[in-house]
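Colleague: I have just opened this one and would like a careful walk through it. Could you take my questions as they come?

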Amino acid sequence: MAESSFAGVQPSDYVVPEEVEAAGFQLCADELGSIVEGHDVKKLKFHGGVDGIAEKLSTSTTNGLTSDTDLLNKRQEIYGINKFAEAEAKGFWVFVWEALQDMTLMILGVCAFVSLIVGIAMEGWPKGAHDGLGIVASILLVVFVTATSDYRQSLQFKDLDKEKKKITIQVTRNACRKKMSIYDLLPGDIVHLNIGDQVPADGLFVSGFSVVIDESSLTGESEPIIVNAENPFMLSGTKLQDGSCKMMVTTVGMRTQWGKLMATLSEGGDDETPLQVKLNGVATIIGKVGLFFAVVTFAVLVQGLFAIKLKEGTIWSWSGDEALQMLEFFAVAVTIVVVAVPEGLPLAVTLSLAFAMKKMMNDKALVRHLAACETMGSATSICSDKTGTLTTNHMTVVKSCICMAVKEVGNNNKASFCSEIPESAVKLLLQSIFTNTGGEIVINKDGKRELLGTPTETALLEFGLSLGGDSQAERQASKIVKVEPFNSTKKRMGVVLELPQGGLRAHTKGASEIVLAGCNKVINSNGEVVPLDEKSINQLNATINQFANEALRTLCLAYMELENGFSPDSAIPVSGYTCLGIVGIKDPVRPGVKESVASCRSAGITVRMVTGDNINTAKAIARECGILTDDGIAIEGPDFREKSQEEMLTLIPKIQVMARSSPMDKHTLVRQLRTTFDEVVAVTGDGTNDAPALHEADIGLAMGIAGTEVAKESADVIILDDNFSTIVTVAKWGRSVYINIQKFVQFQLTVNIVALIVNFSSACLTGNAPLTAVQLLWVNMIMDTLGALALATEPPTDELMKRSPVGKKGNFISNVMWRNILGQSFYQFMVICYLQAKGKTMFDLDGPDSDLILNTVIFNSFVFCQVFNEISSRNMEEINVFKGILNNYVFIAVLSCTAVFQVIIIELLGTFASTTPLTCSQWLLSVFIGFLGMPIAAALKMIPV
């Protein structure tokens, strides 16, 4: 490559812009950006390498930035903030415009327009305009209600997006390590990254070990990239696959490569959920049926008019009235289509899911994909991690076996603990604990000591401190040559030290069986190193099992002197170690887990524990949680891997605990459950290694506190408090969504069927439709938007967790629903037919208004049938539908509004809705007819299906 750099400038030509120099920096943002983004080694050298750039940014690679607010603000002015520009949110009027795009509404709008013109031409203003204005008002009402609910939902998703992006990271400022939001990062900040973290901004590698980075999110290349002092460039949005390091931030926000990428693609919305797809299918079929009925109704009505005109012989002369009548026929036909097309179905799904998402947020579950809500409702199997999900993740060392002697570790017996162990062994133990660790002991701003790192690491550091160790002294005494961080495939971590008196020593710690298998010597009770014989091995293994059976996690610590030297490029040896000792770490079971597992069991959901821990530890905790029963099997990952497909078929249904499992074992288990056994599987995970299983599962649940960014990216739901009980809450909400939508569909189909048949049959028999366009639009409004609001927002009850899950096979419209729909429709249809035939004699109606009054009574009865049917739909199988009704404010509000508005329509808006005020007895009868639907619905529930 020529000497020129990306900007086409010789590196030596670089001039610092004035405003940058005035602020006290020697590098502008664009120059910094071109170094990292262009991987420009020459420019990096020209500016004096990483340390030179740190100086020009007036920061320190050891102490980080100073926390002086004025200086930080200056820095922010010149280099920008670490936020991405967001796409403009859609305003309310955009949603109104989208709601107006509905085809049926447009046709109705045209009808209204023609009706207005013809009406005014015939009867003059304002009398002739009533019909047209009535339809226009109804259309506007429908549009605004739809737009409002869509708009509110979009706001909700915005809040969710904000929650999704809350990421904290460890940063050194003022020589203090602390947690900070990634949004507060500035160029010059020193960031600490560990395996599984996402790189929060573009930057340069300062120091660290075995860093491997996955850049596939940026470049699409799956080949991991090794980052070290020779190749120090780190790009935001990439993930750490292995290792740990310190990084200096150079570029933030929209100037990073990730920021530029984000600018080109704004976030797309959620895809349709499986349930919405199913319901769209249902809606299309019903729409077609409606269209057929509408065409036939229109034909019958028009044919009736023609027959009359033929009789009178006036087929060639048309009056305006007759033209208006034709138009009214057309409007009725279109309205039949409007009523038939259940556009409320997809709306009900989104409303219900959005409502559930909001409530789940309060219950500490963040749903990333809408579909996960409803899938979780049909989950039949949960594969859960042990550490941190079933247990509290507050770990303490409670037992140890050092120099072959088993001891309880308490807070009070430090002196006696150390006095019983030879000093040389204590020295080695402390060196191992403080140098071979992924944790860190820092002094926070209050001057208090704070432990950072995973709970296992902090438990060991705590143990080391309680033995009187000094972590700073230990770390400064020897130089670290190489670090291999813990990962779940190797199940161990190691470090190589250069000792102050010369010589090299390797320390390792990890899963006890694995580390112990690599040991050939042990320190005995006198502090001498002796070969590991059969008897000692058996004694140590017995100790491991004893600890494990008490539900302790066991770790083995070991070291070896590297007499033959060691090159930093080679791997740390895996055998030839001297065993220092074994520690047992207590991680108590979370309160409430046992009850949650029991409620899963009663709900027909199988809970399996998949863990990397020792099989005895896993069994002990699984028994305590109620996961492992007497007829269940606990198996180790390596054994599981060896099984053939036939053996798996008999084995998998019985497996309740899988211990010492690798990420691939988890993946295999999930895949088998999904494909061979057709189960709907939820999987919890917190580490990077869980990403494949989270992807494979129907619902991936990531842990919000312990989870790495990689795991959260692959998950559908993030459990914010890492608690197993929250997972059960998610399942409960998922079921509630499914059932709520079923209730709504049952309610809606009943209205559809009755409205269709009534208008169709009476048009065929009497030549006019009892329900006018405006009335049908009002009914449509009750059943679509308001019905969806009322029924889709029922909160879940504990009863939901007592029935078995739906699974993949279940039909959405169940037999129970068909029974309720057909029974209720039949009752409503019979009543309305009876009113049409015998209504006039019943109420002694005669005179010019008799038809209008009768049609008003029919319309009123029809609406009250829907109101009471809505209450009956609250429970599809139980007779008592009033249970918990007062807790659901939305439901009561919707019902009251419907009733109040119905009174207004009939008593005051007669001219628009073609109704007339009714007498008390007529009102009572209408309400009574509606109310009668409830005992009938209750009787229907007695019929077994």
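Colleague: What do the side chains of aspartate 30 and arginine 255 meet in?

Modeller: In this predicted model they meet in a salt bridge, with 3.8 Å from N to O; the term stands for a side-chain nitrogen of Lys or Arg within 4 Å of a carboxyl oxygen of Asp or Glu. The pair links distant parts of the chain, 225 residues apart, with aspartate 30 in helix H2 (residues 29–37) and arginine 255 in the loop between strand S7 (239–251) and helix H10 (257–264). Helices (H or I, at least four residues) and strands (E, at least two) are DSSP runs, numbered from the N terminus.

Colleague: Is aspartate 30 buried or exposed?

Modeller: Aspartate 30 is exposed, because its relative accessible area is 57%, while arginine 255 counts as partly exposed at 35%. The cut-offs are under 20% relative accessible area for buried, over 50% for exposed, and partly exposed in between, with a 1.4 Å probe and protein chains only.

Colleague: Before we go on, what should I keep in mind about the model and the numbering?

Modeller: Residues are numbered from 1 along each chain as its sequence is written, and side-chain values use heavy atoms, with hydrogens and water left out. Since this is a predicted model, local features need pLDDT of at least 70 and side-chain atom pairs count only at pLDDT 80 or more, whereas totals for chains, interfaces and linings use all residues.

Colleague: Fine. How many salt bridges does the count come to?

Modeller: The count comes to 21 salt bridges. One of them joins the side chains of aspartate 613 and arginine 553, at 3.0 Å from N to O.

Colleague: Which residue does aspartate 851 meet in a salt bridge?

Modeller: The side chain of aspartate 851 meets that of lysine 840, at 2.4 Å from N to O. Aspartate 851 is in helix H31 and lysine 840 in helix H30 (residues 815–842), eleven residues apart. Aspartate 851 is partly exposed at 44% relative accessible area, and lysine 840 counts as partly exposed at 30%.

Colleague: Staying with H31, how far apart are its end C-alpha atoms?

Modeller: They are 33 Å apart, which agrees with the 33 Å that the 23 residues of H31 (residues 850–872) should span at 1.5 Å a residue; the expected span is 1.5 Å times one less than the number of residues. H31 is mostly covered, as 20 of its 23 residues are buried.

Colleague: What about H30, at what angle does H28 cross it?

Modeller: The axes of helix H28 (residues 724–766) and H30 cross at roughly 30° and come within 9 Å. Axes here are lines fitted to C-alpha atoms, for helices over the stretch in contact, and angles run from 0 to 180 degrees between N-to-C directions. H28 and H30 are therefore roughly parallel to each other, given that angles under 35 degrees count as roughly parallel, over 145 as roughly antiparallel, 65 to 115 as roughly perpendicular and the rest as oblique.

Colleague: Changing topic, how many disulfides does the structure hold?

Modeller: The structure holds zero disulfides, where a disulfide is a pair of cysteine sulfur atoms within 2.5 Å. For cysteine 373, the nearest cysteine sulfur is that of cysteine 600, 17 Å away, and cysteine 373 counts as buried at 1% relative accessibility.

Colleague: How much of the chain is buried, and how many helices and strands are there?

Modeller: Of the 945 residues of the chain, 54% count as buried, and the chain has 34 helices and 26 strands. The C-alpha atoms fill a box of roughly 120 × 75 × 50 Å, taken along the principal axes.
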